[in-house]
Amino acid sequence: GGHARIVLSKALTSSYMDIRFFATTHLGQLIRSTSKANEWTLRLLLTQLYDPAVEVRELAVQYLEEACESMDVLELVVQMQPTLDHLGEIGHPLLLKFMSTTVGFRFLYKSGYIDREMDAWFHERNYQYVLQIEVYLAQVFSSNPQDEDGDSMLFDGAVPPHFYGEIAKTELGCQVLSDKGHFAEFAHVIRQHGMESDDLELIVKLKSVLWAVGNIGGAPGGLPFLEEEGIIPNILDIAETSEVLSVRGTAFFVLGLISSTTQGAELLEEFEWEATLTPLGETTGLCVPLDVAGFVEIPEWPSPPDLREPRWIQPTDDPMELQILTAIGNLQNTVIANEAARSLTKFKSQHRRIFSSITLFYRVLHIMSTQRYRLPVRRYILDLFDIDLDPDVMNALYNLSATFHHRPESPTASVSPSRRRGHARRVEENVGLGIRLAAAESQTNGRVPGDRDGGAQQQARQARRANGEQNQHQHQQQHQQHSVAGSPMQARQSRAAVQKNGMIALDPVKRIEGFGVDESLVNGESS
């Protein structure tokens with residue numbers, strides 16, 4: 001046996017990486033096949049932790065972590081006091097295993113690892129742990145759990161080791177945790193922000209704190225921390241009533257960790273949460289409420305507003321905004337879309353500042369939400385504006401929605417009956433711009449007080465019949481005019497007269513009321 005050990009040690013230190021990798025694999029299989037810890041094999045494996053090749057170091061850590069599942073092997077490795085700081089993230093799981101024993105904790109505490117790592121987890125690693133857990137859960141509950149990299153195979157259903165959970169496994173670790181005061185901070189966050197549903201940063205912080213508390217409660221010496229702070233009822237409230245489902249799920253998993261000990265299971269039973277047990281009476285780490293139906297019930301969200309209900313926006317008084325809105329409205333017409341795009345490009349080059357106006361941006365969003373545009377056109381319109389959708393802009397848009405919109409039932413300025421009929425006719429002709437909403441207003445203005453149903457409906461029917469006759473008469477006249485319009489050259493010249501310097505001629509007097517959109521562009525009329 002002595003010569004074989006010498007040959008193996010020479011292979012482990014060969015100048016060829018492939019030979020060292022093969023020898024490390026063979027050594028790990030030897031350790032795995034023996035039920036008793038052998039000091040010489042463990043020393044050789046610890047030597048591989050300092051190999052210059054990352055692949056060999058990772059393989060050695062993998063076999064050593066597997067061997068340290070046995071408490072005898074773990075204590076023997078800790079007594080050898082290996083230096084693992086150079087491993088970085090690779091050696092992190094192995095160091096956490098060292099912390100679960102009194103000998104290992106003292107060794108790491110003297111080296112200063114405990115203080116450094118506790119501060120790192122308190123300020124940063126807790127958040128990374130949440131991300132790791134939620135990525136694992138997303139892979140497990142995904143309809144296609146196998147991704148391209150195969151990372152989903154790393155999650156075997158057990159919760160990854162947590163620093164605070166490992167530190168609470170020893171009496172000395174619990175003492176350090178109490179002296180640091182971190183658990184009191186965790187309890188304060190749970191009480192203060194347990195029902196948070198809006199602030200994303202607070203929600204992530206709450207999840208990280210819940211996982212830390214759950215891992216501490218799942219350790220043999222960690223449950224007294226929860227009882228002293230009295231936060232179990234708070235965790236139960238989060239699991240049962242939080243508006244954020246991911247937070248409720250986190251609290252549910254945390255309660256399962258707490259129920260993994262016999263004392264924790266008995267404590268949760270007092271709150272009508274029952275821990276599941278194996279046939280031998282051992283806890284499984286899964287805890288469910290007695291009222292399962294009430295636990296899985298999700299409250300109904302408030303009904304969204306009826307988007308089909310007519311709502312329009314107050315017209316603009318700015319001539320520049322009027323021209324821009326007119327050009328944007330024309331983008332949905334394939335015949336004049338190119339001219340409209342050139343007009344908008346010219347406006348953008350000459351009046352860039354107006355495309356930073358929140359008010360104009362809101363009016364454009366309203367047009368886009370009520371009209372039909374192809375996806376490339378929508379992207380083009382949004383790219384015109386130099387506006388970032390940050391929280392301040394969103395609040396400004398929300399405030400504008402409360403001040404700009406009004407419903408058809410609201411009283412408006414009086415308009416003569418003939419003007420109303422003419423306006424209704426123009427609205428029906430300009431379906432492309434979605435001006436049917438303006439017709440609702442003109443009909444509303446024609447209602448008789450005290451007769452909101454029958455009288456208004458009768459007047460509307462009469463107006464539609466009269467408008468239909470007028471439209472038919474005008475179409476006949478237009479047909480006769482077109483039949484004697486002259487040569488195609490004259491028609492092109494007449495259309496060219498409508499365009500000036502690459503822009504469509506605008507008549508601010510003749511515009512659709514209620515929307516501030518130029519009517520001449522839609523009807524093909526020139527000023």
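**Note on the predicted model**

1. Threonine 41 is found in helix 3 (residues 39-47); helices (H or I, at least four residues) and strands (E, at least two) are DSSP runs numbered from the N terminus. With a relative accessible area of 5%, threonine 41 is buried, where buried means under 20% relative accessible area, exposed over 50%, and partly exposed in between (1.4 Å probe, protein chains only). Leaving aside neighbours within four places in sequence, threonine 41 is in contact with Leu27 and Ile31, contact meaning heavy atoms within 4.5 Å.

2. This is a predicted model, in which local features need pLDDT of at least 70 and side-chain atom pairs count only at pLDDT 80 or more, while totals for chains, interfaces and linings use all residues. Residues are numbered from 1 along each chain as its sequence is written, and side-chain values use heavy atoms, with hydrogens and water left out.

3. The protein chain comprises 27 helices and eight strands. Of its 527 residues, 41% count as buried. Among its contacts with a separation of 6 or more, 66% are accounted for by residues 24 or more positions apart.

4. Helix 6 (residues 92-99) is mostly covered, as seven of its eight residues are buried. These are His92, Leu94, Leu95, Leu96, Lys97, Phe98 and Met99. They pack against helix 4 (54-67), helix 5 (71-79), helix 7 (102-110), helix 8 (113-140) and helix 9 (163-167).

5. Helix 5 has its own buried residues: Val73, Leu74, Leu76, Val77 and Val78. Their cover includes helix 3, helix 4, helix 6 and helix 7. After helix 5 comes glutamine 81, with a positive phi near 50°.

6. The count of salt bridges comes to twelve, a salt bridge being a side-chain nitrogen of Lys or Arg within 4 Å of a carboxyl oxygen of Asp or Glu. One of them joins the side chains of lysine 180 and aspartate 115 (4.0 Å, N to O). Lysine 180 lies in helix 10 (residues 171-180) and aspartate 115 in helix 8, so the pair ties together parts 65 residues apart in sequence. Asp115, Asp119 and Lys180 are linked in a network of salt bridges.

7. Glutamate 134 and lysine 207 also meet in a salt bridge between their side chains (2.9 Å, N to O). Glutamate 134 is in helix 8 and lysine 207 in helix 12 (residues 200-217), 73 residues apart, and the pair links distant parts of the chain. Glutamate 134 is partly exposed at 32% relative accessibility, whereas lysine 207 is buried at 8%.

8. Threonine 261 lies in the loop between helix 15 and helix 16 (262-269) and is buried at 11% relative accessibility. A polar atom of the threonine 261 side chain lies 3.1 Å from the backbone nitrogen of glycine 264. Not counting residues up to four places away in sequence, threonine 261 touches Gly217, Gly218, Ala219 and Thr283.

9. Strand 1 (residues 273-277) and strand 2 (residues 283-289) run antiparallel and are joined by four bridges; two strands pair if DSSP finds at least two bridges between them. Glutamate 274 has valine 288 in strand 2 as its bridge partner. The two strands form a hairpin with five residues between them, and glycine 281 in the turn has a positive phi of about 85°.

Key
A polar contact is a pair of N or O atoms within 3.5 Å; within protein, one must be able to donate a hydrogen and the other to accept it, and residues adjacent in sequence count only if both atoms are side-chain atoms.
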